[in-house]
Amino acid sequence: MDDQSRIPDETANGGPTHNRPLQSRAQKVIEDIVFEQPASVSELTEHEVEQIEPEHITGRVTATISVLVLAALVAMLNETALSVALPAVMADLNVVASTAQWLTTGFMLVMAIVIPTTGFLLQRFTTRALFGAAIVVFLAGTVLAAFAPSFGWLLIARFLQAGGTAVILPQLMATTLTAVPVKHRGTVMGLNSVVISAAPALGPTMSGFVVDALGWRWLFGIMAPIALVLLIAGLVILRTDGDTRKAPFDVPSVILAALGFGGLVYGLSSIGAVLNGAWVPLVVLVIGLAALVVFVNRQLQLQRRTGAALLDLAPFSVPTFRWSVIIVVIAMATMLGTVMVLPIHLQLGMGVSTMLTGLLLLPGGLIQGVISPAAGKLYDVFGPRPLVIPGVVLLAVGQFWMSTIGTQTPLWYVVSAHVLFCIGMAAVMTPLMTVSLSSLPRHLYGHGSAIMNTLQQLAGAAGTAILIAAMSLGAARAATGGAEAATAQATGTQLAFIVGGIIALVAVAVSPLVKRLPVAPSAAPAEASAAEDQTESVSVNA
């Protein structure tokens, strides 16, 4: 057994039910570890430990994970699919670029608001009920988007899609952690990483083909029947016999989360407007930061008084989780910033068509999708460091390489730089998603997943805003100096990727701090292996 995560107290996401005596004994073990009492891990027999923590992947678990992965894949493809379709949407619905950007910004905004509540939702509802509700909301938004008569209706549709996506992703992570044995967890997390990081990279490619051939509305027309099939499959395959509990729902926390995370996403996404003199986004950003401070304070107070915060922040006290989250945030910021900046440069700086832009981004996305599962298998054998350290170096090198792209750069050169960056992403995301969440005790899986996914949305908003702002600033300065439009665009793109490379260097500095989870041959030694990461968590949980 690896660490405290292998001694669960309850199934947080509606997974398989265990008998009550085992749950009570396991709960006592966790409480002993968390509060530094003499741990009773050794009281559990080997048979009991095997019953609590799965040792094999069953056929039903495989089917469950498959449905959740496919649902998350469709949802995440949808997040960035509109990035190359925005010009067509703007022309069809008669809106300007600053307005059309809300189709992407609004999506991230709703995700950032809903995800913090999923820790509560995963405890309160069964897997099937929560999945069904999420897919129905996503499907409703997809159908509405396909037939939206105006931009306002399309924006509402994107909000609905984001609401469904925000529930599906944490549910996938929590189910993986509770149903998949530790020895296979890296491999399965590799598939999950395809969804989280490769799918957004492939979104523009898919969008380019569909928009050129059929029009932007068919992006949603194709997704709708797929979502319907997944809804039916989920209702048939997913179980309803999992443990749930009536966790308290703190309304003030929800309001503070909406103001805090929503304000941050909006403010970060509007950095460009702030640089042009707009003051409203800056005010919203300040309000968001203030609300987030109050939100964090309230969660800590609720955890101390009732032991039931809306979003338990105890995972941050675990060093492995904390350092992993920092690197994941940086990786997602640079990736989503790249997904936005590179297509703009290809089309405006190099005169490449929408379809060819999608094709040029395809190799990187495909390679990332292929390498991610392989990285998971390597993690199971070697741990995170041999993958994460070279991975973040490739991220930084890829960013600096792309900063050398100009108006006459050969397309193979652009593709090569993007592929190198995507290889780095694959090497980083799978190990970090696995080691970060596996370092937590089982009762924190849902909250850890909610934290990770929320921060990824904030990172996406920040990365996109920072790189777009740098690109706009560089292009504006070049244009002021008399440069042609394409040359000015290239200058802005180069500055954006220099900024991205500098941000990636922070991940390079932090990466050695990520440690491999200790492996103990039996239940008793697990008590010792849990000690390092749990020591710092006592003050938060006590």
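**Leu505 and the helices around it**

Mentor: This model is predicted. Leu505 lies in helix α20.

Trainee: Why is Leu505 called partly exposed?

Mentor: Its relative accessibility is 42%. Buried means under 20%, and exposed means over 50%. The value for Leu505 falls in between, so Leu505 counts as partly exposed.

Trainee: What does Leu505 touch beyond its neighbours within four places in sequence?

Mentor: Ala396 and Phe400. Contact means heavy atoms within 4.5 Å.

Trainee: How far apart are Leu505 and Val397 in sequence and in space?

Mentor: They are 108 residues apart in sequence. From C-alpha to C-alpha, the distance is 9.2 Å.

Trainee: How do you describe the packing of α19 and α20?

Mentor: Two packed helices are described by the angle between their axes and the distance between the axes. For α19 (residues 445-480) and α20 (residues 485-510), the angle is about 145° and the axes are 7 Å apart. The crossing is right-handed.

Trainee: Which residues make that contact?

Mentor: From α19, they include Ile466, Leu467 and Met471. From α20, they include Leu495, Val499 and Ile503. By class, the contact has 12 nonpolar, 6 polar and no charged residues.

Trainee: What makes the span of α8 close to the expected one?

Mentor: Helix α8 (residues 127-147) has 21 residues. Its first and last C-alpha atoms are 31 Å apart, and 30 Å is expected at 1.5 Å a residue.

Trainee: Which residues of α8 are buried?

Mentor: Among them are Leu130, Phe131, Ile135, Phe138 and Leu139. Each is called buried because its relative accessible area is under 20%.

Terms used: Residues numbered from 1 in each chain as written. Predicted model: local features only at pLDDT ≥ 70, side-chain atom pairs only at ≥ 80, totals over all residues. Heavy atoms only, no water. Axes fitted to C-alpha atoms, helices over the stretch in contact; angles between N-to-C directions. Helix = DSSP H or I, 4+ residues; strand = E, 2+ residues; numbered from the N terminus. Left-handed = near helix turned anticlockwise from the far one by under 90°. Nonpolar A, V, L, I, M, F, W, Y, C, P; charged D, E, K, R; others polar. Buried < 20%, exposed > 50% of the residue type's maximum accessible area, 1.4 Å probe, protein only. Expected span 1.5 Å × (residues − 1).
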